[in-house]
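This briefing describes one protein chain, first as a whole and then through selected local features. Please consult the sequence and the structure shown below while reading.

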Amino acid sequence: IFNMGYTLCPDHSALFRGDNGENPQALGEMLWAVPYDSDYIESYGGTTYILSASLAATDITDSSRPNGQRNGWAGLRVPFEYVERYFDVGERNYETGTYEVADRRGEVFYIKGRQESMDGALYSFMNGWSCLKFNNIPHDQTDGSFLAQSALESFSDVDFPMIRLGEIYLIYAEACMNLGMSSQALPLLAELSERAGTAPPSEITTDFLVAERARELMWEAHRRTDLIRYGLYHTSDYLWPYKGGDSYSGQAFPQYKCLFSIPPVELAANDRLVQNPGYSS
């Protein structure tokens, strides 16, 4: 893969903008992406769902449409604890919507009008941080310059990256760590760090990979399988708000839930299938 001509996009955020299927720099990092184009694909799933569910209707105004489209479904949030753990958050102002973060990959959150804690507010969209990593505004435009077009956009133009070079770097780093060859991967991790504006790692550990994959691949559908692979998904060694139940502090849950159940319709269609352990047939 390293010899096939793929290159890191200089700007991490450009990988998830509305023109990521046309921007040569973003395309240079994509090994495989699922295309979305509002002129040809009208779907409320895919990246349209990610965009629309990331803001409330009250966040969409005549003077600002922060993620380049006109819908606000108020569904998807990120617990502040996640941002604090991985992006080194500094001062923040929920009235103005400004905050300080050391890692450029953490500059994608929207906090105006929010409450920081989700404690006792699991179903309140305004508690927690909104994530605008996937953003319909082209990489070379702003909320203001794209505002008129945003008012017309009900569907997404953001292609979803299934496999990209940044992930391949991290896969390679994990393999090198497990083979005792970490030094071979450190220069590649330094490239990711330089793009993010952070100090490069001096060694590769599982703890580093858990954190770095959280930063680099946030909202790209890797986290659950990552935590299962590292043995952290179900245990009390790694907690997040409301993990495993209705406790804000989180709790462990049975290991069998690392596997999904086989859907009843599939069991009914094939009597040779056996339900996975822990689930009733």
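**Overall architecture**

Of the 281 residues of the chain, 49% are buried, where buried means under 20% relative accessible area, exposed over 50% and partly exposed in between (1.4 Å probe, protein chains only). The structure is a predicted model, in which local features need pLDDT of at least 70, side-chain atom pairs count only at pLDDT 80 or more, and totals for chains, interfaces and linings use all residues. Residues are numbered from 1 along each chain as its sequence is written, and side-chain values use heavy atoms, with hydrogens and water left out.

- The chain contains nine helices and six strands; helices (H or I, at least four residues) and strands (E, at least two) are DSSP runs, numbered from the N terminus.
- Along the principal axes, the C-alpha atoms fill a box of roughly 55 × 45 × 40 Å.
- Among contacts in the chain with a separation of 6 or more, 58% are between residues 24 or more positions apart; a contact means heavy atoms within 4.5 Å.

**Surface and charge**

- The accessible surface of the chain is about 14300 Å², and carbon and sulfur atoms contribute 52% of this area; accessible areas come from the Shrake-Rupley method with a 1.4 Å probe, and for residues only the protein chains shown count as cover.
- There are 21 positive and 38 negative side chains, and the centres of the two sets are 5 Å apart.
- In this count Lys and Arg are positive and Asp and Glu negative, while His and the chain ends are not counted; each charge is placed at NZ of Lys, CZ of Arg, CG of Asp or CD of Glu.

- Strand β2 (residues 89-93) runs antiparallel to β3 and is joined to it by three bridges; two strands pair if DSSP finds at least two bridges between them.
- Asn93 has Thr98 of β3 as its bridge partner, and Val89 has Val101 of β3.
- Four residues separate the strands of this hairpin, and Gly97 in the turn has a positive phi of about 85 degrees.

**Gly106**

- Gly106 lies in the loop between β3 (98-101) and β4 (109-110), and this residue is buried at a relative accessible area of 0%.
- Beyond its neighbours within four places in sequence, Gly106 contacts Phe87, Tyr99 and Val101.
- The C-alpha atoms of Gly106 and Met218 are separated by 9.8 Å, although these residues are 112 apart along the chain.

- Most residues other than glycine have a negative phi.
- Asp88, not a glycine, has a positive phi of about 55 degrees; Asp88 is in the loop between α3 (80-87) and β2 and is exposed at 54% relative accessibility.
- Trp219 has a positive phi near 65 degrees; Trp219 is in the loop between α7 (206-216) and α8 (223-229) and is partly exposed, with a relative accessible area of 25%.
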